[in-house]
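Dear colleague,

Please find below the structure that I am handing over to you. My notes on it follow directly after.

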Amino acid sequence: MKKITVAVIGGGNRAQTYTGIMRKIPEQYQVVAVAEPVYNKREFIQRKHKIPDEMCFETWEDLLAQGKIADLCMITTMDRLRLGPAMKAIELGYHLMLEKPIASTLEECKMITEAAEKKGVKVILCTVLRYTGLFKKVKDLIDDGLIGDVMSINHEEGVGDVHQTHSYVRGNWGNVKKSADMLVQKSCHDIDIIQWLIDKKCKSVQSYGALTYFTKKNAPEGSPYRCIEGTCPIGDTCPYNAVNLYMPDNSYWMRSTASGVFECEDEHVEKALRETQYGVCVFKCDNDVVDHQTVNMLFEDDITVTFTMNAFNKGGRHMHIMGTKGELRFATEGDTIINHYDFITKKDYVIEYNAKGGITGAHGGGDDGIVQAIYEELNGCYEGKSIPTIRESYYNHVITFAIEDARKNGTVIDFEKYYDEVENK
Ligand SMILES: NC(=O)c1ccc[n+]([C@@H]2O[C@H](COP(=O)([O-])OP(=O)(O)OC[C@H]3O[C@@H](n4cnc5c(N)ncnc54)[C@H](O)[C@@H]3O)[C@@H](O)[C@H]2O)c1
């Protein structure tokens, strides 16, 4: 099989993860170019992959001005910086490994989808849950008829209180104008996985949700703007005291994101706590995305779905799938089993699955899984079910945008009508 050459646009956290996986399989991948404005991030990828200076660029424009210099263009810029690089890379004939969401507005998602279809290139979205051992197994169990016809799914995405404050209060995804609505940027994974498992058209959606807790009205009286000022009356007991969360060397991901430095030291982290929003009281940030949201969905054949995204938990996903012959229950954190109850035998069964990459790390194996799947796909020998067409990814994004419209307008949305209207715009 052919080795896949890769040009990276946006050398941040996600790029670091994916290129780190590619580095371990040099017979399959070679990273040949990088565009990243921040020197230490660009230099990190350059050094690790021995990329010559002339293949390292500060911006996506500079990299793509070289024409098509690799088989695959990995676009891992932030949500609001998708359209430009994606459209240009498609025009040049690149296949794309595109981070989710496709883009932060529906119009931009549509433009990328249509351009890719017209050009005939593959745009593989990094909805990595599809590539985990867990969800691949669940998909097979459903397709094999183990629980009969799916009637209902109850799915919960526990974002986790610390993750919520890190990414969706203090961090890059807290503000809609910087990123997108919470379900679009975060839970597009979940809506995608639900539709993929059901494999039917969506008929109708409805949603409630709000930002209620991480707001200025809940700031403790007398609390300083920055936790590091050390004068907060609840500083010792606050679970979100930035000094306690970031200064101990517990989470490389949180510390490197906050400092913006790969291989960061304490001094970089402390600087971030003094100068960036990562050091600001969680009740005084510029966040406006919801901290809890529920969704009701109706699919073809009267299949009903409830989905909840919520900040107020330790974190992890839980799913309960109910069919005409049995039910499946599982969690994405901790367990490595799927619980099955069968209506005919009236017995409980435990189904094990391949949790390669660990159940909690690297998105439950999904990050490794997508890298492997793309290698096979671009070599024409992929036999799995996980890779969607860009049209499928787009369809599930349109559902997500409809959910957000339903929440904001307090309406129930006829999804077939909504999709037709978007298509005919
Ligand atoms: N699939 C998943 O499970 C998953 C998980 C986390 C994040 N994401 C998504 O991945 C994307 C990237 O997230 P991240 O955490 O890596 O963010 P990041 O900020 O670490 O990385 C983005 C990088 O883009 C760079 N950049 C900015 N302007 C640029 C330009 N003009 N040209 C080239 N590069 C430029 C930034 O300097 C930054 O290093 C986001 O859209 C996020 O929503 C997906």
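I begin with the second largest pocket, whose lining takes at least three residues from domain 1 (4–125) and at least three from domain 2 (129–214 + 288–362 + 385–423). Please bear in mind throughout that this is a predicted model.

**The second largest pocket**

The volume of this pocket is about 390 Å³. Its lining consists of 23 residues, and those closest to the centre are Tyr 131, Lys 136, Asp 368, Gly 369 and Gln 372. Two helices, H6 (133–143) and H13 (366–378), each contribute at least two lining residues. H13 provides the largest share, with five residues. Sorted by class, the lining comprises nine polar, eight charged and six nonpolar residues.

Gly 369, one of the residues closest to the pocket centre, belongs to helix H13. Is Gly 369 buried or exposed? Its relative accessible area is 16%, and the limit for a buried residue is under 20%, so Gly 369 counts as buried. Between the C-alpha atoms of Gly 369 and Ser 386 there are 9.4 Å, with the two residues 17 apart along the chain.

**The protein as a whole**

The protein contains 15 helices and 15 strands. Its radius of gyration is 22 Å, close to the 22 Å that the globule rule gives for 425 residues, so the protein is as compact as a globular protein of that length. The C-alpha trace spans about 60 × 55 × 45 Å along the principal axes. Buried residues make up 55% of the 425.

**The nine-stranded sheet**

An open sheet of nine strands shows mixed pairing, in the order E14-E13-E12-E11-E7-E10-E9-E8-E15. As a reminder, strands of a sheet pair through backbone hydrogen bonds, either parallel or antiparallel.

Which sense of pairing joins strand E7 (residues 150–158) to strand E10 (residues 303–310)? These two strands run parallel, with seven bridges between them. Within this pair, Glu 156 lies opposite Thr 308 of E10, and Glu 157 lies opposite Met 309 of E10.

Strand E10 also pairs with strand E9 (residues 292–299), here in the antiparallel sense and through eight bridges. Phe 299 has Ile 303 of E10 as its bridge partner. The hairpin of E9 and E10 has three residues between the strands, and Asp 301 in this hairpin adopts a positive phi near 60°.

Four residues separate the strands in the hairpin of E13 and E14, where Lys 346 has a positive phi near 60°.

How do the two faces of strand E13 (residues 337–342) divide its residues, and which face is covered? Ile 338, His 340 and Asp 342 form the covered face, whereas Ile 337, Asn 339 and Tyr 341 form the uncovered one. In a regular strand the side chains alternate between the two faces of the sheet.

Helix H9 (residues 188–198) is mostly covered, with 11 of its 11 residues buried. Among them are the charged residues Asp 190 and Asp 192, together with His 189, Gln 195 and Trp 196. The helix is followed by Asp 199, which has a positive phi near 60°.

Helix H5 (residues 106–119) includes Lys 118. Is Lys 118 buried or exposed? The relative accessibility of Lys 118 is 78%, and the limit for an exposed residue is over 50%, so Lys 118 counts as exposed. The C-alpha atoms of Lys 118 and Glu 91 are 9.7 Å apart, and 27 residues lie along the chain from one to the other.

With kind regards

Definitions and conventions
Residues are numbered from 1 along each chain as its sequence is written. This is a predicted model: local features need pLDDT of at least 70, side-chain atom pairs count only at pLDDT 80 or more; totals for chains, interfaces and linings use all residues. Side-chain values use heavy atoms; hydrogens and water are left out. On a 1 Å grid over the protein atoms alone, a cavity is a set of points where a 1.4 Å probe fits but cannot get out, and a pocket is an open set with protein on both sides within 12 Å along at least five of seven lines; lining residues have an atom within 4 Å of a point. Grid points are joined across faces, edges and corners, and a volume is the space filled by probe spheres set on the points. Domain bounds come from an automatic or database domain assignment. Two strands pair if DSSP finds at least two bridges between them. Buried means under 20% relative accessible area, exposed over 50%, partly exposed in between (1.4 Å probe, protein chains only). The radius of gyration is taken over C-alpha atoms; the globule rule is 2.2 Å times the number of residues to the power 0.38.
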